[in-house]
Amino acid sequence: VTLYVNSAGGAVNEALRKAVWDKFTAETGIKIVDSGPADDAKLKAMVETGNTEWDLAEVNTGGFPRAIELGLVEKLDLTQLPTKDLIEGSYNDYGVWHSPYATVLAWDTRVWPLTGKHPTSMMDLWNQKDFPGPRCMYKSAIDTLELGALHAGVAKDTLYPIDQDAAYKELDKLKPDVSVWWTTGAQSVQALLNQDCVMGVVWNGRPFQMVRQEKAPFGVAWEGNILHNSWWVIPKGAKHYKEAMQLLAAMQDPKAQAAYASIIGYASGNKLTEQYLADDVKAFLATSPEHVAQAVKLDDNWWNKNGPVAEQRFNTWLLQ
């Protein structure tokens, strides 16, 4: 049997292969052919034409509730998964978390060394008094609106529906300090490295790799981080449901998740993974318990319904 798995592609798929897939193939004889990137439109087209090529697929945050609504995914057999060990909210009848990541604050330790006074919260983006200098921000309504609303004083557990007017009032104050509106993960850390800004929002996997492998001068602050995740699903009409469930179960193994996290800096939803991780890995993971405690969980359903209109307003605001 050959399983066709569609995920982010690139480094993510390579890490999955090293951490889980090769061992799974050796033990079961089931081959894995992977593709990327994740593609919600392609998934929809496959299912609607009755030509489902993928056996297991990654669906992005906002696309997951939509895929369920449209009937694009099979119900999972949860009895095969170690549900009692999985973080609350990290699985349901139709999907299991894949590579949760967080939008965090990174700053330049050449300016504020870890040994001295340094930023500790996403809200320090607004703190020019203690931490003066230009900022780098993600060119998207996602995350940016959440941060604006948090700075307006909205409590993180009542963040949704987002009070956009309140958020923009705060973002108006921040906007003059933004030197770079980045569009890719690579650009977000490159701008910091080049000192185009002294701090900025980044995805946690970026500093993980650069600090550990290249000793990049970055510090990371987690207070008010925004937790995202995509989901593993079995597309409706998948040809190898049984084997796909087997692979999904193998990917929930805490040792496999620890191996994956150690390569790429993204963990998954098994609570037991923690004990197999080195401290310098835990420090950068979105799913470390102390980081989850400081996080805002991105609301897929809100973005699914309001995303396009929110992005339009954001783009208009950027040009003003």
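Predicted model: local features only at pLDDT ≥ 70, side-chain atom pairs only at ≥ 80, totals over all residues.
Local features here need pLDDT of at least 70 and side-chain atom pairs count only at pLDDT 80 or more, while totals for chains, interfaces and linings use all residues. Residues are numbered from 1 along each chain as its sequence is written, and side-chain values use heavy atoms, with hydrogens and water left out.

Reader: Which handedness does the disulfide of Cys-136 and Cys-197 have?

Author: A disulfide is taken as a pair of cysteine sulfur atoms within 2.5 Å, and the sulfur atoms of Cys-136 and Cys-197 lie 2.1 Å apart. Because the torsion about the S-S bond is about -105°, the disulfide of Cys-136 and Cys-197 is left-handed.

Reader: How many residues apart in sequence are the parts that Cys-136 and Cys-197 tie together?

Author: Helices (H or I, at least four residues) and strands (E, at least two) are DSSP runs, numbered from the N terminus. The disulfide formed by Cys-136 and Cys-197 has Cys-136 in strand β6 (residues 135–138) and Cys-197 in the loop between α6 (185–193) and β8 (199–203), so the parts tied together are apart in sequence by 61 residues.

Reader: Is Cys-197 buried or exposed?

Author: Buried means under 20% relative accessible area, exposed over 50%, and partly exposed in between, using a 1.4 Å probe and protein chains only. Cys-197 has a relative accessible area of 1%, so Cys-197 is buried.

Reader: Which geometry does the aromatic pair of Trp-112 and Phe-131 have?

Author: The structure holds 14 aromatic pairs, where rings of Phe, Tyr and Trp (its six-membered ring) pair if their centres lie within 6.5 Å, and planes under 30 degrees apart count as stacked, over 60 as edge-to-face and the rest as tilted. With 5.2 Å centre to centre and 85° between the planes, the pair of Trp-112 and Phe-131 is edge-to-face.

Reader: Which residues form one aromatic cluster with Trp-182 and Trp-203?

Author: At 0% relative accessibility Trp-182 counts as buried, and Trp-203 is buried with a relative accessible area of 18%. Trp-182 and Trp-203 form an edge-to-face aromatic pair, 4.9 Å centre to centre with 85° between the planes. The residues that form one aromatic cluster with Trp-182 and Trp-203 are Tyr-101, Tyr-138 and Tyr-266.

Reader: Where does the charged end of Lys-175 sit?

Author: A charge sits over a ring if NZ of Lys or CZ of Arg is within 6 Å of the ring centre and within 35 degrees of the ring normal. The charged end of Lys-175, 4.5 Å from the ring centre, sits over the ring of Trp-317.
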